[in-house]
Amino acid sequence: MTNTVAATLALIALVVGPARAVQPQRMIMHEGLLLGKLSALPPWLSALGVSLVGHEKAQHMVRSMSKVTAISTLGVTVNVTALAKDDTIGRLQKEFANRRDAWGRDCGECDDYGLRHLTSPMPLILDVGGNIGFISSLIARVHPQSQVIAFEPSPVTYFILRINFWLNGVHVLTTEELQGRPKIGGVYPVFGGLGASRAPFEWLEVAGNALAQSQNVNISFGKSGEVPVYHWESFMELHGLTSRTFDLVKLDCECCEYFLVPQVSKWITNRSLVKRLAGELHGPCHAVGETETLSLLRSRGCQFHSRNFLATDKERIAMARLEKQINRLEKHAHELPTGATAQGRDTRERLAEFQRRVATGNFHGTADLALFCHGDTGYLPPP
């Protein structure tokens with residue numbers, strides 16, 4: 001075994017957690033429970049939190065968590081907690097426990113990821129952007145024989161994800177169970193992102209304040225850091241997944257899709273390898289992969305509403321304001337102090353970026369675009 005492979009396996013062993021002897025107990029916490037302190041967690045889980053963020057921060061996080069909230073949807077109930085100042089639970093209640101889908105249509109119990117459409121007796125699901133673990137826990141409840149691989153790159157959010165798995169009695173798969181025992185249902189959580197350009201993984205930086213809002217975090221591709229981001233092909237080979245079909249790939253990873261989709265296009269565009277695709281595309285990313293990503297998704301059959309490719313009122317106002325600033329700078333150039341030259345250059349670059357996005361048809365809008373491909377989840381594009 002090479003040193004690189006050995007290091008990768010050692011890292012994954014740390015990420016997934018200890019072996020079966022200290023797996024989470026199958027227990028369900030009641031709605032309204034407040035954890036309150038780190039010692040309220042099982043020793044293995046509190047130790048994981050300390051290894052991820054340090055003892056002081058882990059203690060502060062648990063003290064700052066909300067009461068356990070029960071979200072009922074698709075005939076099951078998922079118990080979740082999050083940091084009290086985070087709005088994640090409120091958003092999840094709005095998205096999954098209401099009676100209207102992403103386009104405001106009455107849907108009974110909303111199933112925006114098409115979980116009802118998974119017909120395999122033992123579905124294999126990839127959850128890229130696991131967040132606080134709600135979707136993976138929901139899948140484990142709706143499809144108890146499923147195997148879910150959940151990637152989450154924020155140390156803070158990953159700790160909360162693991163707490164929520166414990167709250168819901170989710171079985172945490174070992175590497176051996178994922179590799180050779182597809183009949184054992186559960187979730188294989190991975191601390192890290194997906195989309196590295198080099199195998200088997202890169203150490204990259206994660207930006208954003210997860211303590212304020214879990215979905216604020218994104219991977220800074222190209223910037224070295226302390227969070228592992230995995231190479232798709234290498235990860236699949238290492239875990240014996242290259243011959244298996246994904247019943248669902250859920251992408252909600254705060255712009256990593258613009259790096260990941262082009263990298264794994266032979267998987268994403270092939271319906272025999274990825275049966276269903278759902279998630280979000282994030283608009284204001286200024287990512288170089290936008291045009292290629294949209295083209296690849298269209299080749300799969302995904303359709304997008306034209307309004308997502310038009311400059312919004314907010315963007316038009318911003319462009320007009322920048323043009324006005326540039327005209328004023330040019331008119332009074334001889335009267336301006338030395339630093340104004342750099343300011344003018346920055347203003348022109350910002351305007352050029354807006355114009356580039358309009359010219360290339362890249363995606364716009366202040367809201368993210370739900371990725372529901374006809375033939376994947378069964379949803380048609382919005383009217």
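**Stop 1: a charged pair beside a sheet**

Select Glu202, which counts as buried at 10% relative accessibility; buried means under 20% relative accessible area, exposed over 50%, and partly exposed in between, with a 1.4 Å probe and protein chains only. The model is predicted, so local features need pLDDT of at least 70 and side-chain atom pairs count only at pLDDT 80 or more, while totals for chains, interfaces and linings use all residues. Residues are numbered from 1 along each chain as its sequence is written, and side-chain values use heavy atoms, with hydrogens and water left out.

A salt bridge is a side-chain nitrogen of Lys or Arg within 4 Å of a carboxyl oxygen of Asp or Glu. Arg198 is exposed, with a relative accessible area of 52%.

Now display the strands. Helices (H or I, at least four residues) and strands (E, at least two) are DSSP runs, numbered from the N terminus. The bridge partner of Glu202 is Val229, in β9. Strands β7 (residues 201-207) and β9 (residues 227-230) pair in the antiparallel sense over four bridges; two strands pair if DSSP finds at least two bridges between them.

**Stop 2**

Select Lys250 and Asp127, which form a salt bridge with the closest N and O atoms 2.7 Å apart. Lys250 belongs to strand β10 (residues 248-251) and Asp127 to strand β3 (residues 124-128), 123 residues apart. Are these two residues buried or exposed? Lys250 is buried at 4% relative accessibility, and Asp127 is buried at 0%.

**Stop 3: the largest nonpolar core**

A nonpolar core is a set of buried Ala, Val, Leu, Ile, Met, Phe, Trp, Tyr and Cys residues joined through side-chain atoms within 4.5 Å. The largest one has 52 residues, and those touching the most other members include Leu41, Phe134 and Ile163. Helix α6 gives the most to this core, with nine residues.

Finally, select Ile163. Leaving aside neighbours within four places in sequence, Ile163 is in contact with Leu35, Leu41, Leu45, Met65 and Thr81, where contact means heavy atoms within 4.5 Å.
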